[in-house]
Amino acid sequence: MKLIARFAAPVAALALAGLTATACAPQTSDNGADRDDRSGTLRVWLFQEVNNKPKERVVDAAVAAFEASHEGTEVEVEYIPVDTRAQRITAAFNDPASAPDVIEYGNTDTAGYVEDGGLADVSAEFAAWDEAKDTDPTARRSVTVDGKVYGAPLFVGVRALYYRTDVLRELGLDVPTTQDELITTAKAIREKRPELYGLAVGGAYTYGAMPFIWANGGEMAVEKDGAWKAAIDGAAAQKGIAAYTSLFGDDNCPAAKCASMGGNATATAFAAGKAGMVIGGDFSHQAIEAGSVKGKYAVVPLPGLKKGEIAPAFAGGNNIGVLRSSAHRTLAVDLMKQLAGKRTQAELFDAMGFLPTYTDVRDAAAKKEPFVAPFIETLAARTEFVPASPAWGQIDASLVLPTMFQEIVSGRKDVPTAAGDAAEKMDAAFASAG
């Protein structure tokens with residue numbers, strides 16, 4: 001196996017300066033391969049994690065097993081930054097000569113990548129794969145578009161509330177049980193320990209903000225007769241936006257520092273002992289365990305509006321897919337199964353804390369590691385997803401929602417105005433996607 005040590009340079013976050021990045025829908029790829037070579041070199045693009053070494057070790061073992069069972073093959077793995085995935089992957093769809101055979105992709109990108117014609121339909125192979133029968137329904141939906149399967153789920157991700165047990169104990173504060181309590185507790189931590197963020201939040205942390213919108217009864221968008229329309233400017237959604245953006249300020253997380261933060265940055269701040277709480281994923285566990293707060297934190301489901309309620313969580317996660325342009329389709333599908341198979345998912349859980357997509361593997365993981373319990377409880381309570389429209393990739397890449405949050409916390413716009421402008425941009429994207 002060859003590891004290609006090449007990383008794309010991150011793009012500037014234009015929204016932070018009050019600008020919106022302009023995204024154009026890529027041309028639909030028509031690059032289906034006309035051959036299926038059974039030997040040669042396969043290229044793989046996987047996402048680069050905050051701490052990538054444990055993931056590399058698991059992937060190296062999976063690739064070694066694949067190469068050993070497929071004579072005459074070699075696999076080249078390149079780790080690419082998540083933030084620039086849209087540019088890299090959509091460009092690859094239109095340039096088969098430089099495109100990989102297999103990619104890791106976020107489940108929010110499925111519909112858009114299918115619309116672009118970049119992913120191979122692997123429905124037949126997935127149906128015939130014995131391990132696939134144990135894939136949970138949420139994960140299966142993440143690779144399915146119009147009844148066809150375009151990859152294999154790699155892990156499922158949900159977020160919950162990490163909190164410092166030592167800080168709450170020292171300050172005599174209880175673990176929040178409602179959204180209002182979460183906000184007041186965050187501000188109490190900041191007041192009594194001003195060197196800490198009470199709750200680390202980020203203006204670019206879309207999936208950390210969504211539970212506030214959903215808990216208040218809001219939606220990103222609604223579908224009617226096959227067409228999507230933005231609902232981010234609805235009254236309920238605006239309540240959630242107001243609740244989330246109220247956490248930006250000197251009384252919790254100063255906008256000057258926190259407006260630019262994304263999910264990784266908030267988790268890093270918590271891991272470094274700079275925050276009393278954070279909304280982090282099961283996939284954040286490994287990085288937080290490696291930080292200075294090890295042994296001084298616990299995790300509970302993110303509370304909803306009322307006691308006993310769990311805020312709806314975004315059903316995130318990543319998948320492994322095969323590109324239509326691959327000249328090694330059979331080998332690429334076999335490699336997809338190797339990388340997303342039960343053994344690899346179990347090892348990724350041990351290494352990274354990624355929740356397996358197979359129900360039996362996840363049950364085994366829960367018995368092994370108690371930290372999984374709040375995330376499984378969250379999965380069981382209620383999860384939500386982004387609009388299943390190819391337009392979502394454009395909306396995400398154009399930073400529509402981060403721009404909205406940042407405009408509010410900077411004081412440039414009030415909630416109704418910023419939400420209305422965001423809705424107009426979303427509707428334009430939905431219309432352009434057809």
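**Exercise 1.** In this predicted model, determine which residues of helix 9 and helix 18 meet, and describe how the two helices pack.

*Solution.* Begin with the contact itself. From helix 9, Ile 241, Tyr 244 and Thr 245 take part, and they meet Met 404, Phe 405, Ile 408 and Val 409 of helix 18. Sorted by class, this contact has six nonpolar residues and one polar residue, with no charged residues.

Next, consider the geometry. Two packed helices are described by the angle between their axes and the distance between the axes. For helix 9 (residues 235–245) and helix 18 (residues 400–409), the angle is about 60 degrees and the axes lie 10 Å apart. Roughly perpendicular would require 65 to 115 degrees, and roughly parallel an angle under 35 degrees; helix 9 and helix 18 are therefore oblique to each other.

Finally, assign the handedness: helix 9 crosses helix 18 in a right-handed sense.

**Exercise 2.** State how many cavities of 30 Å³ or more the whole structure holds, and characterise the lining of the largest cavity.

*Solution.* The largest cavity contains about 50 Å³ of space.

The lining of the largest cavity is formed by Leu 46, Lys 55, Val 59, Glu 104, Leu 154, Ile 320, Leu 339, Thr 344 and Leu 348. Helix 1 (53–69) and helix 14 (342–352) are the elements that each contribute two or more residues to this lining.

Terms used: Residues numbered from 1 in each chain as written. Predicted model: local features only at pLDDT ≥ 70, side-chain atom pairs only at ≥ 80, totals over all residues. Heavy atoms only, no water. Axes fitted to C-alpha atoms, helices over the stretch in contact; angles between N-to-C directions. Helix = DSSP H or I, 4+ residues; strand = E, 2+ residues; numbered from the N terminus. Parallel < 35°, antiparallel > 145°, perpendicular 65-115°, else oblique. Left-handed = near helix turned anticlockwise from the far one by under 90°. Contact = heavy atoms within 4.5 Å. Nonpolar A, V, L, I, M, F, W, Y, C, P; charged D, E, K, R; others polar. 1 Å grid on protein atoms, 1.4 Å probe; cavity = no way out; pocket = protein on both sides within 12 Å on 5 of 7 lines; lining within 4 Å. Points joined across faces, edges and corners; volume = space filled by probe spheres on them.
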